[in-house]
Amino acid sequence: MASAEDSMTRSREKLRALDAVRKRRLIVAIADRIIAHVDELTALDAAIGDGDHGHNMRRGFEAVLQDLDALEAMGLSDLFKAIGTKLVMKVGGASGPLYGTLFLALGKALPDEPSREEAAAAFAAAIVAVRARGKSEQGQKTMLDVLIPSCESFSSGSNLAGVKETAALAADATAPMRATRGRASFLGERSIGHVDPGARSSSLMIAALCDELRKA
Ligand SMILES: [Mg+2]
């Protein structure tokens, strides 16, 4: 049986480093997943927001895809910062600054070759930055309702399939919530019954990331 000490040692081991090819695949996987779900994100945002989330996210990730050659050559830290900067510039709406903040903060906190523990700490630091930027907390029917449980799942040692599952369930769990932040909060009770578009786009990104990292 593995001791607590063993698992602590494991969590401090460096994760497998990503070469340029795998960095490129990872970025493409996340961008393609979002772009493949543009209509769904648009429909979710049309129900409780202004219907622009799908198109905003597509604009941002199409811009990211145009920079693949430069991005794949960067260290992990600069790569995340560059994506964050691009998303801030291109996505617009409320989600541009929030996703931009998420990626920028990840870039600031991530060493180029993180251990699992360091990756978890960077994820947690990025969530703190998003909470501050959005002045929001868990339970308000936002992307945080996916990011926080996903981070907790990863930090507690779940494998990538488990983190992906947590993210998907957490996005679904925003449906019965009443929005108290963001445009959906203007709807009050009428925001109940719809999955939050930002929660869904966050779960799509986490799913794409987990699927890609699980590949050998
Ligand atoms: Mg919107």
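**Entry 1: Lys141**

I looked up Lys141 and found it in the loop between α8 and α9. Helices here are DSSP runs of H or I with at least four residues, strands are runs of E with at least two, and both are numbered from the N terminus. I noted that the model is a predicted one, where local features need pLDDT of at least 70 and side-chain atom pairs count only at pLDDT 80 or more, while totals for chains, interfaces and linings use all residues. Residues are numbered from 1 along each chain as its sequence is written.

Is Lys141 buried or exposed? I counted 28 other C-beta atoms within 10 Å, so Lys141 is buried. My cut-offs, with C-beta atoms placed from the backbone: 20 or more other C-beta atoms within 10 Å of a residue's own is buried, 12 or fewer is exposed, and in between is partly exposed. I also saw that Lys141 is not a glycine, yet its phi is positive, about 65°.

**Entry 2: Lys135**

I moved to Lys135, also placed in the loop between α8 and α9. Lys135 has a positive phi of about 45°, again without being a glycine. How many C-beta neighbours does Lys135 have inside 10 Å? I found 8, so Lys135 counts as exposed.

**Entry 3: helix α9**

Next I followed the chain into α9, residues 144-155. Its 12 residues reach 16 Å from first C-alpha to last, close to the 16 Å expected at 1.5 Å a residue. The expected span is 1.5 Å times one less than the number of residues.

**Entry 4: the core**

I then turned to the largest nonpolar core, which has 52 residues. Such a core is a set of buried Ala, Val, Leu, Ile, Met, Phe, Trp, Tyr and Cys residues joined through C-beta atoms within 7 Å. Leu102, Phe103, Leu106, Ala126, Ile127 and Leu147 touch the most other members. Helix α7 (residues 95-109) gives this core its largest share, eight residues. Leaving out residues up to four places away in sequence, I saw Leu102 touch Ala126 and Val130.

**Entry 5: Leu18**

I found Leu18 in the loop between α1 (4-12) and α2 (20-36). With 19 other C-beta atoms within 10 Å, Leu18 is partly exposed. Not counting residues up to four places away in sequence, Leu18 touches Lys23, Leu26 and Leu76. From Leu18 to Thr142 I noted 124 residues in sequence and 30 Å in space, C-alpha to C-alpha.

**Entry 6: the whole chain**

Last, I zoomed out. The protein chain has 11 helices and zero strands. Buried residues make up 44% of its 216 residues. Of the contacts with a separation of 6 or more, 64% join residues 24 or more positions apart. The C-alpha trace spans about 50 × 40 × 30 Å along its principal axes.

How values were computed: Contact = placed C-beta atoms within 7 Å.
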